[in-house]
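Let's take a walk through this one, starting with a helix and then moving on to the charged pairs.

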Amino acid sequence: MSIWLDAKHVAAELGVKLEALQRMARRREFPELLHVTRGEYRVRRTDYEAWEQARMTSSEMAREELAAERMRAAASAGRAL
């Protein structure tokens, strides 16, 4: 198993263009991209997997916070009736 992933394949998996990954990497919203040759970039597999895990964790947390807020709002509305 390679320690490097082709950034074009990663972009396709995420449903974005390579240029979007480059912008995200510059803003430090995505792991650093290694410029291999003209138009070819790689991302370290472990960095990508850690980023992906953190992204999923934050999404799950946001969903749980939203569900809790809805429960509080529903409870509050029930008391108001």
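Helices here are DSSP runs of H or I with at least four residues, numbered from the N terminus. Keep in mind that this is a predicted model. Ala25 has a relative accessibility of 17%, and since buried means under 20%, Ala25 counts as buried. Leaving aside residues up to four places away in sequence, Ala25 touches Phe30, Pro31 and Leu33.

Now for the charges. Side chains of opposite charge can pair when their charged atoms come close. The count of salt bridges comes to five. One of them joins Lys8 and Glu40, with the closest N and O atoms 3.5 Å apart. Lys8 sits in helix 1 (residues 7–14) and Glu40 in strand 3 (residues 40–44), so this pair ties together parts that are 32 residues apart in sequence. Both ends are partly exposed: Lys8 at 42% relative accessibility, Glu40 at 23%.

Next, look at Arg27 and Glu29, whose side chains meet in a salt bridge at 3.0 Å, N to O. Arg27 is partly exposed, with a relative accessible area of 49%, and Glu29 is partly exposed too, at 40%.

Finally, head over to helix 3, residues 45–80, where Glu69 and Arg72 lie three residues apart, about one turn of the helix. These two form a salt bridge, their closest N and O atoms being 2.9 Å apart. Glu69 is partly exposed, with a relative accessible area of 43%.

Technical notes: Residues are numbered from 1 along each chain as its sequence is written. This is a predicted model: local features need pLDDT of at least 70, side-chain atom pairs count only at pLDDT 80 or more; totals for chains, interfaces and linings use all residues. Side-chain values use heavy atoms; hydrogens and water are left out. Buried means under 20% relative accessible area, exposed over 50%, partly exposed in between (1.4 Å probe, protein chains only). Contact means heavy atoms within 4.5 Å. A salt bridge is a side-chain nitrogen of Lys or Arg within 4 Å of a carboxyl oxygen of Asp or Glu. Helices (H or I, at least four residues) and strands (E, at least two) are DSSP runs, numbered from the N terminus.
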